[in-house]
Protein chains: 2
Amino acid sequence: MSVGDLTKPHGAGDTNGADDTEPVPDRLSLGVAARLARYLQVLTKAKKEGKETISSQELSSFTQVNSTQIRRDLSGFGKFGKRGVGYNVDGLVSQIRKILRTAGQHNIALFGAGHLGRAIASSDVFADHGFRVVAIFDADPEKVGTSVGALQVRDVATVPQVVEDEDIVVGVLAVPSSAAQTLADQLVLSGVKIIFNYSESLLRVPPEVTVHTSSPAVDLLYALYFYLT
Amino acid sequence: MSVGDLTKPHGAGDTNGADDTEPVPDRLSLGVAARLARYLQVLTKAKKEGKETISSQELSSFTQVNSTQIRRDLSGFGKFGKRGVGYNVDGLVSQIRKILRTAGQHNIALFGAGHLGRAIASSDVFADHGFRVVAIFDADPEKVGTSVGALQVRDVATVPQVVEDEDIVVGVLAVPSSAAQTLADQLVLSGVKIIFNYSESLLRVPPEVTVHTSSPAVDLLYALYFYLT
DNA sequence: TAGATTGTTAATCGATTAACAATC
DNA sequence: TAGATTGTTAATCGATTAACAATC
């Protein structure tokens, strides 16, 4: 993923007047996109807890993002809030989904049927955001054919076929380091453009493919630093 | 964690001249700290793969951070690289650890002995960065006393005692949403200041406590957005 | 030497935030 | 109405990056 050319400020160049949803600009800046995704996470949880309305101040306390910035981020796309009241949780969720263009369903292939793989498959973190785990693979022949939730573990040899048949957009690697690069190569060959890496290895992929490496320890280091100082 | 007052630029106010390590400023800016932690993650993996030297360009390709910025981030603290060669991996790891003040060992208590808990306990993501899981808890009486790796699952009633005895700095919640807030409350009462939340719930904690919520789906949404546009 | 890569400058651009009028 | 919270302005400050001399 190149980072150099995504900087058009959101909302720039709008020419319409009295609507309450501005046209979504071509491309959000990296920061805005990241924050919107973050708001969405909190909103989704808030919705589960039955909250109907949320203020920028509340969103701020859960996201660590300044409340002015939250209002600014949102007001760039329309007037979603009610003064004196806050934002409607449901409404805001669908607005942000629209802005992030992730209102649809996206299919995930999961690699590794160990503890981590099973944890991911049974969790609804992904499901809440429109991602569905539609296939699980494991290199261990003994695991192939066994069930994980409603899915049967598949043989990794069938990856290209399954990617095509199931319209898979994201590959999630919950496998040992030793297996990760080979699987990444297969995913790339099969046309998958987004790889989520939970393994310890550094993946080498072509520039058009995005690898996101999970980094709980990095996040911890970061939190610890601000705790220690 | 308040975000408003951490903005002193790194390296500002230095008065020394001809050393190769500048004094570490009082507090890194949020961005620099986050990036340094990120570099550390890649360096740690590179080290495992036997790499002795790494260039800012290589670091850039694995971190998505511009190579100029990497050089700039590092040169703020000293001249760690060799022109024409790059950075020594080992050396850079210890320099960054020193800058982040996380060179020591820090103890973690893990909550939840399900799939996710076991995956975390058996992984070395944390161990690689000096974090050690020293206690595992579970609310299920049937699991208490069973083994997870070298550790025995403990009763959650013993949390305050264990936090004190084992000098626990971080609590990691790998439990269902329904249990998360209660455990967070207990951790706060026991004096733990950093909570890592893998559950689906929004945790309410006092301002001096930092909650980091894991958000793979948020990261995916973000990646997907830039893939779709 | 020739090639590579750092360290650093200088300029730009976006992010951040306090403050407050508008208004629910 | 009184209280609360949004939407927006205006000003500041930090992040970002191209470019290149220094030097391994």
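Copies are superposed by least squares on the C-alpha atoms of residues with pLDDT of at least 70 in both. In this predicted model, chain B can be laid on chain A by a turn of 180° and a shift of 0.0 Å along the axis, with an RMSD of 0.0 Å. The two copies are thus related as by a two-fold rotation axis.

**Axis and shared surface**

- Both copies use the same surface, since 100% of the contact residues of chain B recur in chain A.
- B:His115 comes closest to the rotation axis of the residues of chain B, with its C-alpha at 2.3 Å.

**Annotated segment in chain A**

- The unreviewed UniProt entry places a "binding site" feature at A:Gly112, A:Ala113, A:Gly114, A:His115, A:Leu116 and A:Gly117.

**Burial**

- A:Gly114 counts as partly exposed because it has 17 C-beta neighbours inside 10 Å, and a residue is buried only at 20 or more and exposed at 12 or fewer.
- A:Leu116 has 24 C-beta neighbours inside 10 Å and therefore counts as buried.

**Contacts of A:Leu116**

- Leaving aside residues up to four places away in sequence, A:Leu116 touches A:Ala174 and A:Tyr198 in chain A, and B:Ala119 in chain B.

How values were computed. Residues are numbered from 1 along each chain as its sequence is written. Chains are lettered from A and ligands numbered from 1 in the order in which they are written. This is a predicted model: local features need pLDDT of at least 70, side-chain atom pairs count only at pLDDT 80 or more; totals for chains, interfaces and linings use all residues. UniProt positions are given in the numbering used here, feature names are shortened, and annotations may be inferred rather than shown by experiment. Two residues are in contact if their C-beta atoms, placed from the backbone, lie within 7 Å.
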